2 protein chains.
Amino acid sequence: MMENAIGRTVPSQVEGYGQAKPFNGAFQTLPDMLRQAPAVKMRKPADSKLVDSLEEVFRRIPVKDGMTLSFHHHFRNGDGVLNMVVATAARLSIKDLNIAISSVFPVHAPLVEHIKNGVVTGLDTNYMSGPVADAISRGVLSRPVIMRTHGGRARAIECGQLKIDVAFIAAPAADDYGNLNGVMGPAACGSLGYAIPDAEYAEHVVAVTDYLCEYPLSPASISQTRVDYVVKVDVIGDPKGIVSGSTKVTKDPVGLKIAQTAANVVRAAGLIKEGLSFQTGAGGAALATAHFIGKMMEQAGVTASFAMGGITSYMVDMLNRGLLRKITDVQDFDLEAVHSIGANPNHIEVSAGEYANPFNSGCIVNKLDTVFLGATEIDADFNVNVTTGSNGLIMGGSGGHSDAAAGAKLTLIVANLLRGRLPTVVDKVLTVTTPGETVDVLVTERGIAVNPRRKDLLEKMIAAGLPVRNILDLKQEAEKIAGIPGKIKTSDRVVAIVEYRDGTIIDVVRQVTD
Amino acid sequence: MMENAIGRTVPSQVEGYGQAKPFNGAFQTLPDMLRQAPAVKMRKPADSKLVDSLEEVFRRIPVKDGMTLSFHHHFRNGDGVLNMVVATAARLSIKDLNIAISSVFPVHAPLVEHIKNGVVTGLDTNYMSGPVADAISRGVLSRPVIMRTHGGRARAIECGQLKIDVAFIAAPAADDYGNLNGVMGPAACGSLGYAIPDAEYAEHVVAVTDYLCEYPLSPASISQTRVDYVVKVDVIGDPKGIVSGSTKVTKDPVGLKIAQTAANVVRAAGLIKEGLSFQTGAGGAALATAHFIGKMMEQAGVTASFAMGGITSYMVDMLNRGLLRKITDVQDFDLEAVHSIGANPNHIEVSAGEYANPFNSGCIVNKLDTVFLGATEIDADFNVNVTTGSNGLIMGGSGGHSDAAAGAKLTLIVANLLRGRLPTVVDKVLTVTTPGETVDVLVTERGIAVNPRRKDLLEKMIAAGLPVRNILDLKQEAEKIAGIPGKIKTSDRVVAIVEYRDGTIIDVVRQVTD
């Protein structure tokens with residue numbers, strides 16, 4: 001074990017992961033490798049890629065014990081493909097698989113049994129919630145899970161740390177030669193952005209579709225040049241499962257107050273200007289912030305160059321009303337967004353690498369003016385936890401949180417001072433997901449706190465008359481209301497490695513012993 | 001030297017190229033390598049990619065003696081970027097550059113002086129015509145030129161045989177962070193397909209543009225994640241130079257007769273059917289063949305799934321009339337095609353790798369039913385020469401000729417029996433560009449000849465009452481009219497290596513000594 005640059009004790013060696021580098025600051029670790037180089041393949045003109053069943057694909061590749069199989073999460077809680085593929089592996093008595101899926105949802109509960117049976121012995125993901133997350137937190141997996149950021153996963157694939165043997169792409173539309181998109185078919189999910197690095201760098205690529213189209217399918221988010229097999233199944237997923245929580249502006253008065261304050265912070269920072277760019281999540285508070293920013297833009301007569309993030313009908317509406325000139329979209333959170341990306345040329349699909357990979361010639365988060373992000377905890381150093389909950393169990397993960405925070409000129413954490421009966425502002429967060437150096441302002445219903453690294457911002461906030469407070473004051477106020485939270489009991493055993501976007505270890509999650 | 005599978009004497013070792021494999025049949029050489037792996041890069045959020053001048057780009061990279069600089073040929077004879085970049089190298093006293101450009105045109109004449117001065121000592125291209133081709137043929141370059149196919153160049157880049165130090169992308173539209181397309185701006189050229197492998201695998205990528213757009217530019221044919229520098233110059237090229245010869249159906253009665261016969265061959269082969277796919281070039285005779293095929297499709301009430309190739313207004317018209325469902329476009333040959341690819345979602349940009357790279361999970365030529373190609377010579381084994389002219393000088397090259405011939409189910413060579421006063425059908429072609437095993441039928445104004453490998457086709461042609469003749473009869477008839485051509489005098493010195501699409505050596509071009 002060793003201590004990293006933000007004082008977290010992290011391992012120097014992890015089983016199934018190899019040498020671990022400690023986190024050393026958001027932009028201190030530079031790439032020193034070549035791009036991943038899979039074996040070159042060939043197809044003769046008469047060859048067919050259509051295969052009758054997943055079993056047959058497993059035999060042709062062949063899938064073997066110990067391989068890494070990858071998946072994308074565009075269907076979120078409606079995904080049918082991961083369970084289908086792992087069940088096939090179990091039927092064929094394959095063991096010791098490493099599952100690399102960009103996010104894990106409650107629908108993936110069958111993974112727990114496959115872990116217990118030894119079919120699956122490794123997990124690599126950017127976010128997890130539900131039964132798998134609970135079971136992992138309680139130690140069901142002998143090796144630690146690798147938790148990455150959305151940009152970090154694209155980096156790990158492109159830079160060869162996450163070597164994928166077989167990528168299974170849930171493809172809402174496919175032709176018989178492997179051109180794929182997410183905008184057509186009964187299970188259209190919109191952007192296929194998270195699957196694009198997998199298709200580019202996996203040794204074998206399998207498209208699993210329920211909607212086979214005439215060749216050549218267009219648009220093609222993933223090209224025939226990277227797809228080896230196409231399997232038609234009955235149903236790849238339930239598009240209703242892609243909807244993520246609220247996609248409407250909150251009506252909660254506290255949430256609205258925080259959102260209005262957040263918008264005021266953006267204005268005070270001088271960012272309500274022609275060509276503004278921002279990222280927002282899909283929650284009601286984040287959308288409310290976008291709503292107030294939209295109102296300010298209308299008043300100022302300015303247009304945003306682009307908005308990024310998981311896309312909802314609210315963002316689509318801003319695009320259609322001319323408040324946004326472009327949407328760059330790595331994932332869609334509702335069916336209006338799915339429709340828009342298929343129909344509006346200014347609603348652009350981007351890959352996970354384009355979105356947020358820190359190790360390429362420049363990703364989109366680098367061009368963000370501002371981002372509004374949530375937190376389950378934030379500490380005096382502005383470190384943010386969105387990985388573990390108040391009970392110590394894993395209930396999330398970075399996703400794009402750390403990526404957008406690192407890229408944007410102004411990163412806001414928008415959070416109620418209390419979540420339930422617990423303070424959001426704490427001495428030390430249980431798990432650091434996003435380092436404080438990439439967080440600029442905490443916005444709560446009881447005032448805002450500016451990261452001391454941003455003296456420039458502090459002056460602007462004070463000049464604008466915003467309710468600026470020291471973050472420790474906010475912590476004390478929260479504790480006065482809710483008391484000091486008890487320490488969560490964990491064992492020494494590490495159940496998850498929290499990898500920063502650059503591939504260094506920013507923290508670990510330890511097994512809960514309640 | 002050694003003899004390859006079609007009896008051509010080729011070198012086993014070539015300076016600046018390394019070990020050479022002899023051609024061994026169109027699908028006999030399998031890939032045995034990993035994909036090219038350039039060094040991983042990083043950009044911090046505040047970094048700018050805008051650079052004031054090419055000189056400054058040269059200094060930042062830095063460009064050094066002996067490097068390989070790459071270019072694309074979408075501007076054809078209107079390209080301004082190659083000359084600009086090489087002149088910069090000359091001003092900075094850089095020597096010994098290897099120039100990898102997908103095709104060389106008369107506009108590139110200044111290269112000859114740069115070769116004489118030692119600024120350029122290597123050339124790697126798929127096609128060349130004009131002063132550079134003449135000078136090369138007469139021995140101006142001490143190392144042999146590497147002549148590839150369009151698909152072979154994509155393969156050589158992706159598989160690491162053509163390692164590019166710096167790719168210079170002439171970008172009709174660019175934003176400040178390196179998103180590029182060819183469909184906007186004063187010098188719009190349409191598809192950027194040939195530049196896509198360069199951008200993906202070069203160690204450094206420079207966009208040279210005369211039209212800087214707001215971020216994020218969309219559509220983006222090349223992504224910001226691969227572009228390191230953006231340089232704004234006054235003019236990148238003359239879009240009038242992209243027009244390639246005739247883009248209208250021929251009016252020559254002999255040409256029309258050949259075209260009608262070619263269409264009859266396609267029908268006799270059973271390919272005038274729903275979902276047909278074909279590739280055609282831009283010449284008047286090729287377009288006339290497409291014209292007659294279109295008429296047959298209308299009569300039969302069928303629609304083509306797609307057409308491929310260098311795209312002209314004639315193909316665009318077929319798309320707009322509903323005869324084609326899609327166009328897959330690697331290059332545009334006139335401004336109507338440039339407009340269409342920017343406006344019609346069924347007119348699809350594809351990369352050179354998607355078009356024709358034989359070493360990936362499947363390229364588009366594999367899905368072609370038929371292709372109509374030209375020839376300057378064809379021999380008794382159906383080997384075709386489109387590389388050297390009647391005087392032995394280089395005046396072309398494969399481009400996509402060998403690729404489409406290998407991929408299509410039915411490859412037609414459409415040619416007058418005589419070109420000028422010389423027979424087109426000869427004993428042995430001077431240079432083999434495309435191997436006879438991938439050529440099915442020769443169509444001339446005096447009859448057709450079917451490759452003996454295709455007994456199935458021969459029966460169909462006879463059954464359809466087509467004027468089938470032995471290829472040797474056609475040769476004798478041509479010789480009766482024009483006499484037996486004299487042998488072209490060449491020295492032993494090899495001035496160009498003709499590489500087949502799979503990376504093997506199919507032939508060489510020797511220095512002309514007239």
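At what angle do helix α7 (residues 253–268) of chain B and α8(B) pack, and how far apart are their axes?

**Entry 1: ground rules.** I am working with a predicted model, in which local features need pLDDT of at least 70, side-chain atom pairs count only at pLDDT 80 or more, and totals for chains, interfaces and linings use all residues. Residues are numbered from 1 along each chain as its sequence is written, chains are lettered from A and ligands numbered from 1 in the order in which they are written, and side-chain values use heavy atoms, with hydrogens and water left out.

**Entry 2: α7 and α8 in chain B.** I started with my opening question. Two packed helices are described by the angle between their axes and the distance between the axes. For α7(B) and α8(B), I found an angle of about 45° and axes 8 Å apart. That makes α7(B) oblique to α8(B). My note on the words: angles under 35 degrees count as roughly parallel, over 145 as roughly antiparallel, 65 to 115 as roughly perpendicular and the rest as oblique. The axes are lines fitted to C-alpha atoms, for helices over the stretch in contact, and angles run from 0 to 180 degrees between N-to-C directions. Helices are DSSP runs (H or I, at least four residues), as are strands (E, at least two), numbered from the N terminus.

I then looked up who touches whom (contact means heavy atoms within 4.5 Å). On the α7(B) side I listed residues including B:Leu256, B:Ala259 and B:Arg267, and on the α8(B) side residues including B:Phe292, B:Ile293 and B:Met296. By class, this contact of α7(B) with α8(B) has ten nonpolar residues, four polar and one charged. For the classes, Ala, Val, Leu, Ile, Met, Phe, Trp, Tyr, Cys and Pro count as nonpolar, Asp, Glu, Lys and Arg as charged, and the others, Gly among them, as polar. The crossing of α7(B) and α8(B) is right-handed, a word used when the near helix is turned clockwise from the far one by less than a right angle; anticlockwise makes it left-handed.

**Entry 3: α8 and α9 in chain B.** Next I followed α8(B) (residues 284–300) to α9(B) (residues 313–320), and here the angle is about 15° with axes 10 Å apart. The two helices are therefore roughly parallel to each other. Their crossing is left-handed. B:Leu287, B:Ala290, B:His291 and B:Gly294 of α8(B) meet B:Tyr314, B:Met315 and B:Met318 of α9(B).

**Entry 4: a pair in chain A.** I also checked α9(A) (residues 313–320) against α10(A) (residues 335–343), whose axes come within 8 Å and cross at roughly 40°. That makes α9(A) oblique to α10(A). Here A:Ser313, A:Val316 and A:Leu319 of α9(A) touch A:Glu336, A:Ala337 and A:Ser340 of α10(A).

**Entry 5: cysteines.** How many disulfides does the structure hold over all chains? I found zero, a disulfide being a pair of cysteine sulfur atoms within 2.5 Å. The sulfur of B:Cys213 is 13 Å from the closest cysteine sulfur, in B:Cys189, too far for a bond. B:Cys363 is in no disulfide either, since the nearest cysteine sulfur, that of B:Cys159, is 12 Å away. B:Cys363 is buried at 1% relative accessible area, and B:Cys213 is buried at 18%. (Buried means under 20% relative accessible area, exposed over 50%, partly exposed in between, with a 1.4 Å probe and protein chains only.)

Entry 6: Is B:Ala202 buried or exposed? B:Ala202 counts as buried, at 1% relative accessibility. I placed B:Ala202 in the loop between α6 (196–201) and β13 (204–209) of chain B. Not counting residues up to four places away in sequence, B:Ala202 touches B:Pro38, B:Lys41, B:Ile164 and B:Ala167. B:Leu458, in α13 (residues 455–463) of chain B, is partly exposed at 32%. Leaving aside neighbours within four places in sequence, B:Leu458 is in contact with B:Val450 and B:Val468.

Entry 7: I found a cis peptide bond joining A:Ser218 and A:Pro219, with omega about -5°. Another cis peptide bond joins B:Ser218 and B:Pro219, again with omega about -5°. A:Arg76 has a positive phi of about 50° although it is not a glycine, and A:Arg76 is buried at 11%. B:Asp96, not a glycine either, has a positive phi of about 65° and is partly exposed at 35%.
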